[in-house]
Amino acid sequence: MRQSELFTKTLRESPKEEVSINAKLLSRGGYIDRLMAGVYSYLPLGLLVLKNIENIIRDEMQKVGGQEVLLPTLTPKENWMKTDRWKYPEMFKLRNRAEKEYSLGWTHEEIITPLVQKFVNSYKDLPVYVYQFQNKFRDELRAKSGMLRGVEFMMKDLYSFHRDEKDLDSFYLRMQRAYFNVFERCGLKKETFLTLASGGAFAKYSHEFQMVTSFGEDEIYLCKKCKIAVNKEIIEEEKHSCPQCKSKDLEVKKSIEVGNIFKLQNRFTKPFGFKVKDEKGDEKELVMGCYGIGLSRLMGAVVEVHNDENGIIWPAEVAPFRFHLIPVGDVSKEADAIYQDLQKAGIKVLYDDRDRSAGEKFADSDLMGIPNRLVVSAKTLEKKSVELKERESGKISLVKLAEVKKI
Ligand code: ATP
Ligand code: MG
């Protein structure tokens, strides 16, 4: 993409309402725009990042056998009455002109359960794993952390349906691994810890994936040895010790939940009367699991972790572009040729073809955080080369023109 064609621009100052690092840097870098507290537009660069995260998650969900759907955002009151969740305080409610009541989806158990029920009537149809990417709406009280806590935000939610608990248990473990793959590919492996949380009335534990950050709103108790954590809800219950090794040497860390997996058992299949016939012809209630990841929260979390005083440092797989090509001085002909070449090779490159000073271009480049900067100048061309600077390490090297595509 040619940077001169972007309708957005970087900002010198972050919007005065923003206090979180992620929202400040994403706004300044031209990734997002704040409409009101907790509600953002994704600008062209931001949408590229969001789509990269979506593709990573889709890839991992397909590997475990998930089938993608897209459920409605507008949902009828009746479904929430069935499960006694119409009273949920964070739910946005609305009425049509005939006074019929609806809510905006904040989660989708009440929609997916009766949907799957229409098609599944025998144990032979099971298991089923269905997921979607969708905007969720929650009337959050404190929407001050930018992308970390949206009022409208993007979520991946997967729901699994099983004939029995054994089958649910084994799928649950596969999802745990899939989630770690997602966080690793998003560059959050080091900071993200499996965290035991309350399982509600139906299971001993659920699991959160908590990312350690000073901006976090949660607190976890992390076992230095096992690298698993316990959340605030159940630390008393666990007698302030690690559930795995029983060590009492736990570190308290501020964190944010980037993902959550939960065994729902029959919490939703029961109110919908969702049963199937087993081998003997007996009717049996299904069990369910649910598995969420906030994509927009993840995008903010990546920025919270990967930044320096100059701006964002995107991990390779989520970066909007792999290369930022920057001509310095009167070398546009040569830079154009390199750009065409990279484009033809299918390499994602942002080409700063704007008429700006080198200093301005470099500052923008650091702020935007594209992993590799390629500078073309008369000096580098003398050596038939471009200068490569890695955003993360700051490492600089000269790369021969013929070798650029191979980096
Ligand atoms: P929290 O305790 O942070 O409010 P939650 O328990 O309400 O999270 P879930 O209902 O389990 O979250 O939602 C699944 C995932 O959706 C979370 O792990 C998180 O990644 C994301 N998420 C939840 N609320 C928000 C929000 N307001 N903005 C952005 N992402 C969110
Ligand atoms: Mg919540």
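## Ground rules

Residues are numbered from 1 along each chain as its sequence is written, while chains are lettered from A and ligands numbered from 1 in the order in which they are written. Because the model is predicted, local features need pLDDT of at least 70 and side-chain atom pairs count only at pLDDT 80 or more, with totals for chains, interfaces and linings using all residues; side-chain values use heavy atoms, leaving out hydrogens and water.

## The five-stranded sheet

Let's start with an open sheet of five strands, ordered β20-β19-β21-β22-β23, with mixed pairing. Strands here are DSSP runs of E with at least two residues, helices are runs of H or I with at least four, and both are numbered from the N terminus. Two strands pair if DSSP finds at least two bridges between them. At the edges sit β20 (349-351) and β23 (396-400), each pairing on one side only. From one strand to the next, the twist averages 25°. Angles such as this run from 0 to 180 degrees between N-to-C directions, with axes fitted as lines to C-alpha atoms, for helices over the stretch in contact.

Strand β19 (residues 323-327) runs parallel to β21 (residues 372-376), and five bridges join them. Across this pair, L325 stands opposite L374, and H324 stands opposite R373. On the other pairing of β21, four bridges link β21 to β22 in the antiparallel sense, with L374 opposite L388. Strand β21 is largely enclosed by the rest of the structure, because five of its five residues are buried. Buried means under 20% relative accessible area, exposed means over 50%, and partly exposed lies in between (1.4 Å probe, protein chains only). N372, L374 and V376 point one way from β21, while R373 and V375 point the other way.

Helix α8 (residues 332-344) touches β19, β20, β21 and β22 (385-390), and its direction makes about 160° with that of β20. Helix α9 (residues 358-368) touches β19, β20 and β21, at about 175° to the direction of β19.

Which residues of α9 are buried? They are K361, D364, S365, D366, L367 and M368. These buried residues pack against α1 (21-28), α2 (44-63), β18 (311-312), β19, β20 and β21, where contact means heavy atoms within 4.5 Å. Just after α9, G369 takes a positive phi of about 80°.

## Strand β10 and its partners

Strand β10 (residues 205-212) is largely enclosed by the rest of the structure, because seven of its eight residues are buried. It pairs with β9 (residues 192-198) in the antiparallel sense over seven bridges. The two form a hairpin with six residues between them, and G200 in the turn has a positive phi of about 70°.

Strand β10 also runs antiparallel to β13 (residues 250-265), with six bridges joining the two.

## Around ligand 1

E257 turns up again here. Of the 14 residues around ligand 1, those that come nearest are E140, G150, E257, G294 and R297; a residue counts as near if one of its heavy atoms lies within 4 Å.

A backbone N or O atom of G150 lies 2.8 Å from a nitrogen atom of ligand 1. An oxygen atom of the ligand is 3.0 Å from a polar backbone atom of V258, and an oxygen atom of the ligand is 3.5 Å from one of G259. Taken alone, ligand 1 exposes 590 Å², of which the protein buries 82%; these areas come from the Shrake-Rupley method with a 1.4 Å probe, and for residues only the protein chains shown count as cover.

## Backbone spots to check

A cis peptide bond joins L126 and P127, with omega about 0°. P127 lies in the loop between α4 (109-119) and β7 (128-137).

Two residues other than glycine have positive phi: K227 near 60° and Q265 near 50°. K227 lies in the loop between β11 (218-223) and β12 (229-231) and is partly exposed at 47% relative accessibility. Q265 lies in strand β13 and is buried, with a relative accessible area of 8%.

How values were computed: A polar contact is a pair of N or O atoms within 3.5 Å; within protein, one must be able to donate a hydrogen and the other to accept it, and residues adjacent in sequence count only if both atoms are side-chain atoms.
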